[in-house]
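User: Please take a close look at one part of this model, a domain interface. Then go through a few single residues.

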Amino acid sequence: MDFGFTAEQEKFRQEIRAFLDAELPPDWVGYVAPTTGDHIGSREDGWQVFKDIARKLGEKGWLSLFWPKEYGGQSRSYVDYLIFSEEVARRGSPGYNPVAVKMLAPTLIDYGTEEQKERHLKPIAKGQEFWCEGFSEPEAGSDMGSLQMKAVKDNKYFIINGQKTWSTFADYSDWCCLLARSDPHSRRAKGLSFFLVDLSTPGITLRPIENMAGELHFSQIFFEDVRVPKENLVGRENEGWQVAQALLGYERSSIEFVAMVQSMIERLVKYVKATPGMQTIHARDLLAKLAIEAEIGRLINYRIAWLHDKGMATDWHAAMTKLYSTDLFKRAASAAIQLLGLYGQLDKREDIAPLQGWIEHFYLVSFGATIAAGTSEIQKNIIALRGLGLPRG
Ligand SMILES: Cc1cc2nc3c(=O)[nH]c(=O)nc-3n(C[C@H](O)[C@H](O)[C@H](O)COP(=O)(O)OP(=O)(O)OC[C@H]3O[C@@H](n4cnc5c(N)ncnc54)[C@H](O)[C@@H]3O)c2cc1C
């Protein structure tokens, strides 16, 4: 058993750090990663910075690290990809669109047609095409099988009507991947199809939703008689559930939240060292415990990436990383707020806010992290039922 990284991997990590040092604007605060639009909206040139960094990451080949070479990827390991996403998240870097890079692209490689791969993989790899996910609806969240969006076949098209909600990054995205009911007589997970939808198609309206931190993180998307070409169906008609599950499996294997906790610990340690009166037993106790938990989180994520490289990772492994990493993020943000006392509640607009209001921001977004991509309860169900084999009650 070897817990170390190879010399090439260590070099790769240093290369990413040097790239981010050189390319990020010097005043980049990096509020939250993975990309949510939070830090884009927090500065005037935010979207331009995002696109510039995306293209540069694309030129480096880092947006397609673990995709096979035949599809324009680098055929590198999933562990290498985790090193990349860990470093990007640690710095709160823009330019990385997880829905496209780590979720849709591998799903298209597995289930897409050659035309779909040709059309989308290259622009995603180059950091030139951005995506959002349209699964949730007002009456369908955890229970995705109850979704109502309709897709009716009409000659060369499917006509889509309905509404999606909570779509992260939708107002910056070019495309949305979504599930709709294509068999009107079906129930639950059967009769759903998975589509690629160009968000500039007539009939689509977006309404951004403000998150708890006061930022436009996600959107409602309304579809009225939207004509989606049949070629944009992924996998078989009425069998989109399987495709969506594959995509969700990629979504939940995530180290970003642990990286943000590490970054939080680093900043808090500096702050405690530099601030008179902060070097208390309470600070030592709290930061030591968080450091252990962050280390555990890293180990779980890298081990599962390693299992993925060996073809041994399952959806319940992915659920473990999602559950542990986001719960840790929430616990850590809450502990950090406590450590900073009343000042910790000041936001970035206040000059006297500790760490530029960074902890306050983390605290507010940490709640959503345990809900997005399947709530913590849903992750526990997956681990208990599919991993441990417990019977349904
Ligand atoms: C920050 C953020 C980003 C998001 N981004 C996207 C996105 O990009 N695309 C997208 O499609 N959706 C997105 N979502 C939506 C997210 O997937 C849903 O909010 C989530 O699946 C929960 O659904 P719901 O909100 O309808 O809550 P419900 O499903 O109504 O759940 C309410 C409560 O009941 C619990 N519960 C429900 N069912 C069970 C069960 N079987 N067992 C135990 N407990 C249960 C839940 O854990 C929760 O506590 C995002 C959400 C957030 C917060």
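Analyst: The C-alpha centres of domain 2 and domain 3 are 31 Å apart. Five residues of domain 2 and seven residues of domain 3 make the contact (contact means heavy atoms within 4.5 Å). This is a predicted model, so local features need pLDDT of at least 70, side-chain atom pairs count only at pLDDT 80 or more, and totals for chains, interfaces and linings use all residues. Residues are numbered from 1 along each chain as its sequence is written, and side-chain values use heavy atoms, with hydrogens and water left out.

The division is as follows: domain 1 covers 7–96, domain 2 covers 132–241 and domain 3 covers 253–387. These bounds come from an automatic or database domain assignment.

Now the interface area. Domain 2 and domain 3 bury about 470 Å² between them. Buried area here is the accessible area (1.4 Å probe) that two parts lose on being put together, summed over both. Carbon and sulfur atoms carry 65% of it. On the domain 2 side, Ser142, Met212 and Glu215 supply 73% of the area buried against domain 3, more than any other three residues.

Glu215 also takes part in a salt bridge. Its side chain meets that of Lys348 at 2.7 Å, N to O. The rule asks for a side-chain nitrogen of Lys or Arg within 4 Å of a carboxyl oxygen of Asp or Glu. One salt bridge is found across this interface. By class, the domain 2 side has two nonpolar, two polar and one charged residues. Ala, Val, Leu, Ile, Met, Phe, Trp, Tyr, Cys and Pro count as nonpolar; Asp, Glu, Lys and Arg count as charged; the others, Gly among them, are polar.

Next, single residues. Gly141 sits in the loop between strand E1 (131–134) and strand E2 (150–154). Helices (H or I, at least four residues) and strands (E, at least two) are DSSP runs, numbered from the N terminus. Gly141 counts as partly exposed because its relative accessibility is 43%; buried means under 20%, exposed over 50%, partly exposed in between (1.4 Å probe, protein chains only). Its C-alpha is 9.5 Å from that of Ala372, 231 residues apart along the chain.

Ser263 belongs to helix H8 (residues 256–274). Ser263 is buried, because its relative accessible area is 3%. Beyond neighbours within four places in sequence, Ser263 is in contact with Arg90 and Trp358. A polar atom of the Ser263 side chain lies 3.2 Å from the backbone oxygen of Arg90.

Asn232 lies in the loop between strand E7 (216–229) and strand E8 (233–234). Asn232 is buried, at 14% relative accessibility. Leaving aside neighbours within four places in sequence, its contacts are Gln116, Trp175, Phe194, Phe195 and Leu196.

Last, the backbone. Most residues other than glycine have a negative phi. Asp225, in strand E7, has a positive phi of about 45°. Leu355 also has a positive phi, near 50°, and is placed in the loop between helix H10 (315–340) and helix H11 (358–369).

Methods
Polar contact = N/O pair within 3.5 Å; in protein donor to acceptor, adjacent residues only side chain to side chain.
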